[in-house]
Amino acid sequence: MGIVSRGFRGRGRGDDSGRLPPGQYLTDDFPVLSAGPTPHAPLDRWTFTIEGGTEPVRWTWDEFRALPSETVTKDIHCVTKWSKFDTDWEGVSVDTLLEHVDQDRAYAVAYSDGGYTTNLPVEDLTDGKAWVAFAYDGEPLDPEHGGPARLLVPHLYFWKSAKWVRGLRLVDEDEPGFWETNGYHNYGDPWREQRYWGD
Amino acid sequence: MTETPSVRTLVLNIPDWPGHRAGQHVDVRLTAEDGYQAERSYSIGSAPGMPLALTVELLKDGEVSPYLVEEVVPGDRFELRGPIGGYFVWDADGSDEPIFLVAGGSGVVPLMSMLRHRRAVGSNVPAKLLYSSRTLADVIYRTELDEIGAEVIQTLTREQPPGWKGYGRRVDAEMLGEVQFPPEQNPRVFVCGPTRFVEAVADALVGLGHRPGRIRTERFGGA
């Protein structure tokens, strides 16, 4: 326990579900965090690419949407302290995408329109842990929330769920991404409160 | 120090504070007597090298801001982590690229840190601040803005006093076009405010020809 702040009582004790990681508060809003303007990629020029296998594999929007998709309900946790429970998404599992790729790499760099990147171990993207999501709450994903498609990796802080994602580059050596080189934790586990460098 | 009816600046005495860069923020953690904790992030308003000042806006449904704005008195203690953030920052690093700052409401706080930094080091970098508030009473740093040494253009979206010389509407593409450093001058652009404000301003700036990579944004969202 830290220094007691005189007169602070707080009002957030309502959550006893065990689903709220340390330092987080629950919100019903869907706040937005991004470092620059929102890109607007036309779907007829949108592609999704996985590099790092024996050869790059690329899907157009129509090809991507023809892949089997899943609907999932997940709790999400942003490093700026908000968490949101039971968010509904539809997307293509990264497992489904990787079935088309002959690879044995340990790390991935997700890259996005606008130049954003984020890095993750491949094992955090597989076995039903990650999706390329194209719908939220039954509607096409808004551009400000990452549409047309974003990565969804709900078990890590939400900056790992790259908005406007356009591909994965699979690599042997870990390569810190945008926030990871700007002071934020390399892995980002909310349950271990891995927010910043040194956590 | 009271800035407006709902905004207060706290000047903090922090042993071993490592210093900060203009535009960075800190995390504040409050602990109740029963051990319950709440954390939020707040932008730093002071210039690097000056005593650390946080300017906090009271959010009606907030948990930490009511404590910081209405409860805390000199001598109280709370935990603070930082400085945080290495992207939404401006250093007087010798570059002569103009800076164009666009603020909505309390989004002015990290931008004020940049202007104070620029003034403190005697930088000649051309600088403009376009600052949107609801009413004159909501303008944070009102008197200091007159002597900040940069061009400050204000708009009041809800109510304008008699004789008001600034703009009287929400920031739009036309206003940005009149006020901006044109893209040919390759300005660095910083936009901070509520999500809707930042989305609209950043989209309009891209429409005016600013390269997306030159526009850095910080959004306030949620409770």
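1. Two strands are taken to pair if DSSP finds at least two bridges between them. The model discussed in this note is predicted. In chain B, strand S3 (residues 25–31) and S6(B) run antiparallel and are joined by four bridges. One residue pair can be named here: B:Asp27 has B:Arg81 as its bridge partner in S6(B).

2. The pairing of S3 with S6 belongs to an open sheet of three strands in chain B, ordered S4-S3-S6, with antiparallel pairing. Strand S4 (37–43) and strand S6 (79–84) of chain B are the edge strands, each pairing on one side only. On average, neighbouring strands of this sheet are turned by 20° against each other, direction ignored.

3. As to the chain as a whole, five helices and 11 strands are found in chain B. Its radius of gyration is 17 Å, close to the 17 Å given by the globule rule for 223 residues, so chain B is as compact as a globular protein of that length. Taken along the principal axes, the box filled by the C-alpha atoms of chain B is roughly 55 × 40 × 30 Å.

4. Burial and contact order may be read together. Of the 223 residues in chain B, 45% count as buried. When contacts in chain B between residues at least 6 apart in sequence are considered, 69% of them join residues at least 24 apart.

5. The domain assignment divides chain B into domain 1 (2–84) and domain 2 (99–220). Between the C-alpha centres of domain 1 and domain 2 of chain B the distance is 23 Å.

6. The contact between the domains involves 15 residues of domain 1 of chain B and 13 residues of domain 2 of chain B. On the side of domain 1 that touches domain 2, the elements giving two or more residues are strand S1 (2–4) and strand S5 (52–57) of chain B. By class, that side of domain 1 of chain B has six nonpolar, seven polar and two charged residues.

7. The contact between the chains remains to be described. Here 35 residues of chain A are in contact with 38 residues of chain B. The side of chain A that touches chain B comprises 13 nonpolar, 15 polar and seven charged residues.

Methods
Residues are numbered from 1 along each chain as its sequence is written. Chains are lettered from A and ligands numbered from 1 in the order in which they are written. This is a predicted model: local features need pLDDT of at least 70, side-chain atom pairs count only at pLDDT 80 or more; totals for chains, interfaces and linings use all residues. Axes are lines fitted to C-alpha atoms, for helices over the stretch in contact, and angles run from 0 to 180 degrees between N-to-C directions. The radius of gyration is taken over C-alpha atoms; the globule rule is 2.2 Å times the number of residues to the power 0.38. A residue is buried if 20 or more other C-beta atoms lie within 10 Å of its own, exposed if 12 or fewer, and partly exposed in between; C-beta atoms are placed from the backbone. Two residues are in contact if their C-beta atoms, placed from the backbone, lie within 7 Å. Domain bounds come from an automatic or database domain assignment. Ala, Val, Leu, Ile, Met, Phe, Trp, Tyr, Cys and Pro count as nonpolar, Asp, Glu, Lys and Arg as charged, and the others, Gly among them, as polar.
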